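This report goes through the strands, helices, ring contacts and nonpolar cores of one protein model. The sequence and the structure come first.

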Amino acid sequence: MAIYLEIFCGIAALCLAFYYYFITVLDFWKVRGVPGPQPIPVLGNIKDVMLMRMSMSDYLKKVYDEYKHEPMVGIFTRKTPILLLHDPELIKDILIKDFSKFADRGLPVHEKAEPLSPHIFNLEAKRWRPLRSRLSPVFTSGKIKDMFPLILECADHLEQYLEKVVARGEPVECRELTAKYTTDVIGSCAFGIEINAISDEESEFRRVGRTVFALNWKQLLRFRARQMFPRLYNWLGYILPPSEITTFFTKVIVDTINYRENNNVTRPDFVNMLMELKKHPDKLENIKLTDSLLTAQAFVFFVAGFETSSTAISNALYELALNPEVQIKLRQEIREFYDKNDGKLKYDEIKDMTYLDLVFKETLRKYPPGPLLLRKSICNYTFEGTKVTIPKKTFVWVPIYPIHRDPDIYPNPDAFIPERFTEEAVASRHPMHYLPFGDGPRNCIGARFAVYQSKVGLIKILRKYKIDVCEKTMIPYQIDPAAFLLAPKGGIYLKITKVES
């Protein structure tokens, strides 16, 4: 009888532990007076996102629309509480005014299992600050102007490649086309390497670039293990061999740095900045400078640089195909600037292409590269004007995608209207209602570079080519639920034909 009683008590204790672990934590937002959808034990609120039935962008919009007039909403990813901020003043507080209390993104850094994870996007504030200050000079206007001839050379290769593609008379998958171009740009400007992804179908850089964002069973298994068993996952780094991606990028960076040091080569690029860091490690307090850490910075520049810009260019082409009057007007502006400069494209002239800027900003409104901004509180924090206090290490998300699609902010949000970004229109909106590159000290470090390489790519394509929809064009646009960043499901197929000069 005593044995049965012990078994019963053991089962009861397990049940209570289970209840406490998975149920009581789900009262986190309720006791703080924050509204939100009812979570499911174990799965929280993101079941459909986890099962890849719905993209994170679409889920965030669903919650945003349901709680449209609430300044903040509480949800759960499994048992982790997440605070979604809707009020622009509260968003401004965490991104700018009280940034020091939200300087972390809260992303995992598993240096053993994933040697390339301690990059500037992921790093906690302690290591992020000194790295950011040392890497920022690479992305100044002056440095990008120095890189401009390299960008232009890659864009010329894109133009030449388009001749061959158009001659086939077949629908063009524009995401792959533009990814080849941006891969070449990043290779040249970051690594000083002529990758030739445009002309070389077997380009190793392009193949590895696809692998980074490919969602296969190995990637999915790693992702789930990292989420559910982070300590075990990091421990596995001691026994598992490095991934192909880690090996590839580490070899590229180490070999490039060694070659330049041995041959006294200097270029105005990202690798040169990494070499300077390596020469003066004392300038990076609290950071142990290793080959892996240096490689991680180059890795994130490569990955973010080619993927986000190629998606932005292809999304712009998609909208221009659907809106031919906008395309005609933009082509006219491009040709006028070429004529004014004797058929040459100059760095200083690009910022004066007003309509191109409007088109690009409207593209990023409809399709922000990341659907949300992530922050994690460094201390207990009470939101101004509210009674809501969150404890240290609470996750806070800014849902960019639904804010950009809010009809009260952008009337008729599904329409593509570049004039939304005239000076007068921008002045009428809260600055926190347009955040494609984030804001505050931890905004996108490479935003200026991304804008320039994207605009140059668009200019080169649109000057001589007309973009139209075809039988393979996805209408309406569908977001890929399996993609990490906002990306179209199944690619963007368009018809491209040459137009008279």
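In which sense do strand β1 and β2 pair, and over how many bridges? Strand β1 (residues 72-77) and β2 pair in the antiparallel sense, over six bridges. The model is a predicted one.

Within the antiparallel pair of β1 and β2, M72 stands opposite L85 of β2. Two residues lie between the strands of this hairpin, and R78 takes a positive phi near 60 degrees.

β2 also pairs with strand β7 (residues 395-398), here in the parallel sense and over three bridges. In that pairing, I82 has F395 of β7 as its bridge partner. Strand β2 covers residues 80-85, and five of its six residues are buried, so the strand is largely enclosed by the rest of the structure.

## Helix α3

Helix α3 (residues 56-66) has S57, Y59, L60, V63 and Y64 as its buried residues. Viewed down the axis of α3, these buried residues fall within an arc of 165 degrees, so they line one face of the helix. The cover over them includes α2 (47-50), β1, β2, β7 and α17 (400-404).

β3 is joined by two bridges to strand β9 (residues 493-498), and the two run antiparallel. E173 stands opposite Y493 in β9. As a general point, strands of a sheet pair through backbone hydrogen bonds, either parallel or antiparallel.

## Aromatic pairs and charges over rings

The structure holds 19 aromatic pairs. One of them joins F102 and Y381 edge-to-face, at 4.8 Å centre to centre and with 80 degrees between the planes. F102 lies in the loop between α4 (88-97) and α5 (125-135), and Y381 in strand β5 (residues 381-382), so the pair ties together parts that are 279 residues apart in sequence. F102 is buried, at a relative accessible area of 0%, and Y381 is buried at 5%.

For F139 and F301, the ring centres are 5.2 Å apart and the planes stand at 90 degrees, so this pair is edge-to-face. F139 is in the loop between α5 and α6 (141-167), while F301 is in helix α13 (residues 291-322), so the pair ties together parts 162 residues apart in sequence. Both F139 and F301 are buried. Ring pairs also link F248, F249, F299, F302 and F306 into a cluster.

Charged side chains sit over rings as well. The charged end of R32 sits over the ring of F28, 3.9 Å from the ring centre. That of R405 sits over the ring of Y367, 5.6 Å from its centre.

## Nonpolar cores

Which residues have the most contacts inside the largest nonpolar core? They are Y181, F191, F249, F383 and F449, in a core of 133 residues. Helix α13 gives the largest share of this core, 16 residues. Leaving out residues up to four places away in sequence, Y181 touches I151, C154, A155, L158, I198, I313, Q453, V456 and G457.

A second, separate core has 15 residues, including L60, Y67, V73 and L84. Of these, L60 is one of the buried residues of α3.

## Helices α12 and α13

Helix α12 (residues 270-279) has seven of its ten residues buried, so it is largely enclosed by the rest of the structure. The buried residues are F270, V271, N272, M273, L274, M275 and L277. Among the elements that cover them are α5, α7 (174-191), α11 (244-263) and α13.

T308 lies in helix α13. Apart from neighbours within four places in sequence, T308 is in contact with P369 and L485. The C-alpha atoms of T308 and P242 are separated by 26 Å, with the two residues 66 residues apart along the chain.

Key. Residues numbered from 1 in each chain as written. Predicted model: local features only at pLDDT ≥ 70, side-chain atom pairs only at ≥ 80, totals over all residues. Heavy atoms only, no water. Buried < 20%, exposed > 50% of the residue type's maximum accessible area, 1.4 Å probe, protein only. Helix = DSSP H or I, 4+ residues; strand = E, 2+ residues; numbered from the N terminus. Pairing = 2+ DSSP bridges. Phe/Tyr/Trp six-rings, centres within 6.5 Å; stacked < 30°, edge-to-face > 60°. Lys NZ or Arg CZ within 6 Å of the ring centre and 35° of its normal. Arc of directions from axis to C-beta. Contact = heavy atoms within 4.5 Å. Core = buried A, V, L, I, M, F, W, Y, C linked by side-chain atoms within 4.5 Å.
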